[in-house]
Amino acid sequence: MGRTVRVKSFELAAKDINDVDVTLLHALSTGVGWPHRPKDWDFLRRAGHGIVAVDGIGRVFGSAMWFPYGHEFATIGLVITSPRTQAQGTGRWLMDQVFERCGDRNLTLNSTHAAYHLYLSLGFTKEATVYLWQGEVVSPPSPVPALAGELSSLSTANIGEIAALDERAFGANRQKLLTLLSEGASIYVLRRGGQTVGYSMKREFGRGHVIGPIVASNDCDAIHLTAVHLKTLAGKFARVDTREQTGLFADFLQQSRLGMNDTVTTMSKGRRFLNRKENEPWMYGLAGHALS
């Protein structure tokens, strides 16, 4: 696959994302209205791999990242093309670069509306819709029914306690990512009958905080795992990305005065990504669009 692409009168080349100044990545995401701060880009570069499309004088016109979980699976994200090069083949070229580097892995991503038809043409299939709930937090309603189990904070040193539960919910081992996510995060676990049955994280991102991942086996557990963070964020901006459109959990987010701001589409290439089973752990809240 060619490592360069011609766009109008100039040529773009693929460059490792770690070799680019973070201020250029921030400018790229700001240019398309994405909320990523420089420190968010730095975190993502630590968590995964990526390339940028640069011209002959080092200007950045696009990016794409992938996050491998073992040798068989990866998520894709931060696929951005600058307004100047959109609809000129740069996005497809970036994805070709990602395919080359990911090899035979099964892939998943969360597509914006603008990129949806590109991903369809590249062999991805739709699996679900992700709803973006966000806004300034007011006092959340009291969770109903009462908590079934014990909810307590978890230290970063004990992050291994939730790794197996997360793998059951996500479908791949993400212990390295969980360790990175836990840095500076607030983490709560739900234990019942001596077993860990759910967990949630709150961390800084974009305009405020994101609550996610949220892993639980039912709506009521997910509500409690979310409410414990929301009650610390009164007057602050918070975000929860979920695939729950209806039900108690979706109702709770709406009652918390978070607004449903936008949607993206979970898509996969290769094996099906989502495999929800009744009374089994489920990803109620995403860690992030790129990380799922």
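These questions and answers cover a predicted model of one protein chain.

User: What makes the protein chain as compact as a globular protein of its length?
Analyst: Start with the folded elements: the chain has eight helices and 14 strands. Its radius of gyration is 19 Å, and the globule rule gives 19 Å for 292 residues, so the chain is as compact as a globular protein of that length. Along the principal axes, the C-alpha trace spans about 65 × 40 × 35 Å.

User: Why is threonine 81 called buried?
Analyst: Buried means under 20% relative accessible area. Threonine 81 has 14%, so it is buried.

User: Where does threonine 81 sit, and which residues does it touch?
Analyst: Threonine 81 belongs to strand 5, which covers residues 73–81. Leaving out residues up to four places away in sequence, it touches Val32, Phe61, Gly62, Gln86, Thr90, Gly91 and Leu94. Contact means heavy atoms within 4.5 Å. For leucine 94, 13 residues along the chain from threonine 81, the C-alpha separation is 8.9 Å.

User: How do you know what share of contacts joins residues 24 or more positions apart?
Analyst: Take the contacts with a separation of 6 or more; residues 24 or more positions apart account for 72% of them.

How values were computed:
Residues numbered from 1 in each chain as written. Predicted model: local features only at pLDDT ≥ 70, side-chain atom pairs only at ≥ 80, totals over all residues. Heavy atoms only, no water. Helix = DSSP H or I, 4+ residues; strand = E, 2+ residues; numbered from the N terminus. Rg over C-alpha atoms; globule rule 2.2 N^0.38 Å. Buried < 20%, exposed > 50% of the residue type's maximum accessible area, 1.4 Å probe, protein only.
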